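Me: I have a model open and want a quick tour of its packing. Can you start with the rings?

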Amino acid sequence: MHKPASDDAITSLHDLSAVDLIAGFRAKQFSPSEVLEDVLTHIAVWEPHIKALYAFDPDGARATARASTERWQKGEPMGTLDGVPVTIKENIATKGVPVPLGAASVKLVPAPADAPPAARLREAGAVIFSKTTMPDYGMLSSGLSSFHPLTRNPWDVSKNPGGSSAGAGAAGAAGYGPLHLGTDIGGSVRLPACWCGLVALKPSLGRVPIDPPYVGRIAGPMTRTVDDAALMMSVLSRPDRRDGMSLPPNDINWKALEKSPRKLRIGLMLDAGTGQALEKDVREVAVKAAEAFESAGAVVTEVDGIMTREMLDGLDNFWRARMWDDLSRLTPAERAKALPYIYQWAETATKLSGVDVIRGFNATMAIRSAAAKLFCEIDYVISPVSPVVNFAAELAAPINDPDKPFEHIAYTVPWNMSENPAASINGGFDKKGFPIGVQIIGRRFDDIGVLGMAKAFEGLRGPQRPWPSPPRK
């Protein structure tokens with residue numbers, strides 16, 4: 001484990017929240033260029049150890065930051081995030097940058113345009129200085145990739161940052177600026193946030209327009225504070241007609257985070273219903289979170305998980321078939337470049353029947369129905385994010401068995417399929433100082449309520465450990 005960051009490091013520009021950076025720009029305490037240079041200096045120290053970045057563009061970012069600095073000097077910022085450093089997960093297209101999807105089997109073709117989330121960030125004046133790494137095709141909760149170097153966890157570089165927003169999680173924990181954009185189809189912003197000590201929101205499906213859209217797939221913020229996640233959502237949730245699954249524009253007040261837990265009905269879900277066994281340290285953190293809400297006046301009752309073995313195996317079959325459809329279009333030589341774990345997992349789809357795959361897809365509707373019934377009786381659910389505290393950096397998944405690939409996502413994947421908003425927030429640490437996340441789930445479309453509950457928990461939780469400092473050479 002690394003020694004805690006010093007008190008001096010806590011006040012460094014790279015450690016400031018986006019909310020504080022904007023306030024500092026407005027007060028002319030520092031400039032976007034100064035902030036970016038501090039972030040870049042910090043990255044130079046950390047990046048050799050964690051390998052979180054792809055398409056790193058410091059010179060382009062410097063030009064963007066200079067233009068922002070000039071606007072702030074005139075008192076004319078162009079948008080909500082003008083001058084704030086941001087990273088974007090590499091599967092979210094940015095104009096002119098290839099999108100390898102974490103896989104050596106994908107041809108490198110420059111993207112013709114920004115995808116909706118990237119476009120919104122750029123329009124808001126964000127300084128996009130890099131993309132971040134991901135595993136092959138986003139189908140692993142890991143920093144392991146056939147294209148990118150192995151991404152490691154800043155809290156302990158022998159451990160996995162999680163995925164598939166692996167680089168985003170590692171960058172956020174290491175202090176590569178305040179705002180990081182990930183994607184999530186089964187837990188891919190929440191799991192790395194859990195294992196990296198961050199806040200992440202998986203919004204309601206369609207709240208953040210995305211391209212290409214898909215069943216359960218979202219883009220969401222990964223930050224150090226709830227306020228920053230809300231600030232990012234105020235930009236990301238703006239409309240884009242390219243996403244045929246996006247929700248109608250909604251004038252949500254993303255600053256309205258004050259929410260009292262008093263008299264709210266909260267379900268504590270300690271058993272997901274299937275999947276990997278819950279480790280003792282994780283259980284204790286989730287129970288303490290529920291007790292904190294209970295002490296604030298909430299009515300907490302234990303609820304059963306909604307996942308079944310049939311549902312999880314059905315999703316597995318459906319995703320295997322979907323992945324094999326992509327791989328089968330490649331030449332044998334191209335397919336051979338994919339991560340062996342992914343190839344082995346997907347190839348078994350050739351043994352599935354069409355009925356098997358349809359039954360798998362129908363699991364998404366069964367999950368949706370079960371979630372709707374659960375939220376008839378309660379307002380929010382508190383649960384673990386991951387059943388395990390951590391796992392080795394070199395592994396593809398906690399169990400690391402392509403025949404059992406999704407045992408660790410039983411707490412997170414149902415909310416993608418049901419379209420409910422769900423947030424991950426650090427709830428505590430194990431005895432070695434490794435972060436453990438807590439998940440807060442709300443009814444469909446109640447994104448601001450979920451962030452409000454996360455904000456309330458920030459206050460109930462109290463001060464956290466300092467962020468990790470770079471390993472010594």
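Me: Is Phe129 buried or exposed?

Reply: Phe129 counts as buried, because its relative accessibility is 0%. Buried means under 20% relative accessible area, exposed over 50%, and partly exposed in between (1.4 Å probe, protein chains only).

Me: Before we go on, what are the ground rules?

Reply: This is a predicted model: local features need pLDDT of at least 70, side-chain atom pairs count only at pLDDT 80 or more, and totals for chains, interfaces and linings use all residues. Residues are numbered from 1 along each chain as its sequence is written, and side-chain values use heavy atoms, with hydrogens and water left out.

Me: How many aromatic pairs are there?

Reply: The count is 13. Rings of Phe, Tyr and Trp (its six-membered ring) pair if their centres lie within 6.5 Å; planes under 30 degrees apart are stacked, over 60 edge-to-face, the rest tilted.

Me: What kind of pair do Phe56 and Phe129 make?

Reply: Their planes are at 85°, so the pair is edge-to-face, with ring centres 6.5 Å apart. Phe56 sits in the loop between strand 1 (53-54) and helix 4, while Phe129 is in strand 3 (residues 127-132). They are 73 residues apart. Helices (H or I, at least four residues) and strands (E, at least two) are DSSP runs, numbered from the N terminus.

Me: And how accessible is Phe56?

Reply: Phe56 has 38% relative accessibility, so it counts as partly exposed.

Me: What about Trp345 and Phe406?

Reply: Their centres are 5.8 Å apart and the planes are at 85°, so this pair is edge-to-face. Trp345 is buried, and so is Phe406.

Me: Switching to helices. How do helix 3 and helix 4 cross?

Reply: The axes of helix 3 (residues 32-50) and helix 4 (residues 58-73) come within 7 Å and cross at roughly 150°. Axes are lines fitted to C-alpha atoms, for helices over the stretch in contact, and angles run from 0 to 180 degrees between N-to-C directions. That makes helix 3 roughly antiparallel to helix 4, where under 35 degrees is roughly parallel, over 145 roughly antiparallel, 65 to 115 roughly perpendicular and the rest oblique.

Me: Which residues meet there?

Reply: Among them are Leu36, Glu37 and Leu40 in helix 3, and Ala65, Arg66 and Trp72 in helix 4. Contact means heavy atoms within 4.5 Å.

Me: What does His42 touch?

Reply: His42 touches His14, Ala174 and Gly175, not counting residues up to four places away in sequence. His42 is in helix 3, and at 14% relative accessibility it counts as buried.
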